[in-house]
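Here is a friendly walk through one protein model, with the sequence and coordinates to follow along.

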Amino acid sequence: MNLARFPRIRLGHLPTPLEPMENLSKHLGGPNLWIKRDDCTGLSTGGNKTRKLEYLMADARAQGADTVITQGATQSNHARQTAAAAAKLGMECHILLEDRTGYTDPAYKNSANVMMDKLHGASVSRRPGGADMQAEMEALAADLRTKGKKPYVIPGGGSNPVGALGYVTAALELMNQANEIGLKIDHLVHATGSAGTQAGLVAGLVGLNSGINLLGIGVRAPKEKQEANVLALAQRTADHIGLPKDTVRAEHVKANCDYVGQGYGIPTQGMVEAVKLLAEKEGILLDPVYSGKGMAGLIDLIGKGHFKAGENVVFLHTGGAVGLFGYPDAFDLPADVN
């Protein structure tokens with residue numbers, strides 16, 4: 001795959017580390033656990049969206065845009081990284097935030113990612129849960145055009161074939177790292193939501209004939225819908241990079257959506273336990289919306305014997321730990337000791 005032919009602006013600290021989680025592996029038993037640290041991409045505390053934005057912002061610049069518009073949930077990691085990328089490139093940024101949880105806690109509504117959106121100079125406006133966010137962005141873009149701006153609309157999560165190129169590139173990066181240290185990766189596990197990360201990984205890993213079993217742990221949609229969304233985008237991405245037709249098929253897309261809980265962005269006990277466990281055993285901070293639920297799923301599946309002893313399982317950390325500050329009451333941490 002010749003990915004160099006696609007416009008790209010380097011925004012991230014890449015390659016991100018691939019590290020063993022020896023303490024967690026010993027604690028849980030079963031497979032050998034590794035972590036791909038895409039929380040270390042560097043842009044505004046890092047996260048997986050930086051990889052997508054390298055291609056999306058390059059496309060925006062190629063089209064002559066001076067403004068970017070995107071959308072997400074209140075505590076959107078994607079919004080934060082988009083605002084940071086726009087600031088770095090001297091572009092105006094407008095963020096539309098959808099209320100998907102109904103939470104009114106001031107920390108949730110105004111701290112963490114929301115605070116950072118504003119620190120990066122983005123304008124922030126709110127929309128009720130269930131709003132047609134794509135239509136809302138298009139309406140804003142139309143209004144900005146009447147004012148002489150040249151807006152570029154980025155879908156939620158940066159999840160289109162251009163953005164998914166970031167995770168085609170990540171698949172190649174991971175394979176190169178594994179080859180350098182002689183690591184045979186049996187499984188790659190990550191949190192899946194807007195579909196772009198998983199779709200890019202599917203296209204990349206299948207295109208490379210990697211033999212790696214990819215599993216997305218859903219954080220939002222039911223299994224059937226999630227897998228359909230990922231498959232459709234993975235096929236469009238494969239076509240975009242010139243892979244032969246039918247390279248990506250339904251059997252390449254696997255999502256387990258048993259760990260969503262009551263809904264997107266709503267804490268679960270499994271998430272809380274996973275966040276605490278990684279912090280205590282590996283010194284790694286997960287986030288409450290994506291990687292925390294993804295790790296909760298991985299831990300539970302290990303307990304159920306889904307992975308064999310001795311297999312090498314890599315967890316892709318998609319970042320977002322800053323979101324912890326939007327959920328101050330979720331973790332029931334002990335009081336200070338005098």
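## Strands and how they pair

Two strands count as paired if DSSP finds at least two bridges between them. With that in hand, please keep in mind that this is a predicted model. Strands β7 and β8 pass the test, pairing in the parallel sense over 6 bridges.

## Another parallel pair

Strands β3 and β4 also pair in the parallel sense, over 7 bridges. Which residue in β4 is the bridge partner of A73? The partner is E98. Strand β4 (residues 92-98) is mostly covered, with 6 of its 7 residues buried.

## The largest pocket

On to the pockets. The largest pocket has a volume of about 520 Å³. It is lined by 32 residues, and those closest to its centre are G156, G193, S194, A195 and R220. By class, the lining comprises 7 nonpolar, 20 polar and 5 charged residues.

At least two residues of the largest pocket's lining come from each of α2 (49-62), β3 (67-73), α3 (77-89), β7 (187-192), α8 (196-207) and α9 (223-240).

## The second largest pocket

The second largest pocket holds about 290 Å³ of space. Among its 15 lining residues, I212, N213, L214, H252 and K254 are the closest to the centre. Helix α8 and strand β8 (213-218) each supply at least two residues of this lining. In the second largest pocket, the lining residues divide into 7 nonpolar, 6 polar and 2 charged.

## Aromatic pairs

How many aromatic pairs does the model have, counting rings whose centres lie within 6.5 Å? The count comes to 4. In one of them, the rings of Y103 and Y108 have centres 5.2 Å apart and planes at 75°, so the pair is edge-to-face. Y103 is partly exposed, at 27% relative accessible area, whereas Y108 is buried, at 2%. Ring pairs link these two residues and Y327 into a cluster.

Y264 and Y290 form another edge-to-face pair, 5.8 Å from centre to centre and with 75° between the planes. Y264 is in the loop between β9 (255-256) and α10 (269-282), while Y290 is in the loop between α10 and α11 (291-303), so the pair ties together parts that are 26 residues apart in sequence. Both of these tyrosines, Y264 and Y290, are buried.

## Arginines over rings

Y264 has a charged neighbour too: R100 lies over the face of its ring, at 5.0 Å from the ring centre. Elsewhere, R51 places its charged end over the ring of Y167, 5.6 Å from the centre of that ring.

## Two residues to look up

V206 has its place in helix α8 and is partly exposed, with a relative accessible area of 23%. From V206 to G157 the C-alpha to C-alpha distance is 22 Å, and the two are 49 residues apart in sequence.

Is D258 buried or exposed? With a relative accessibility of 61%, D258 counts as exposed, because the cut-off for that class is over 50%. D258 lies in the loop between β9 and α10.

Terms used
Residues numbered from 1 in each chain as written. Predicted model: local features only at pLDDT ≥ 70, side-chain atom pairs only at ≥ 80, totals over all residues. Heavy atoms only, no water. Phe/Tyr/Trp six-rings, centres within 6.5 Å; stacked < 30°, edge-to-face > 60°. Buried < 20%, exposed > 50% of the residue type's maximum accessible area, 1.4 Å probe, protein only. Helix = DSSP H or I, 4+ residues; strand = E, 2+ residues; numbered from the N terminus. Lys NZ or Arg CZ within 6 Å of the ring centre and 35° of its normal. 1 Å grid on protein atoms, 1.4 Å probe; cavity = no way out; pocket = protein on both sides within 12 Å on 5 of 7 lines; lining within 4 Å. Points joined across faces, edges and corners; volume = space filled by probe spheres on them. Nonpolar A, V, L, I, M, F, W, Y, C, P; charged D, E, K, R; others polar.
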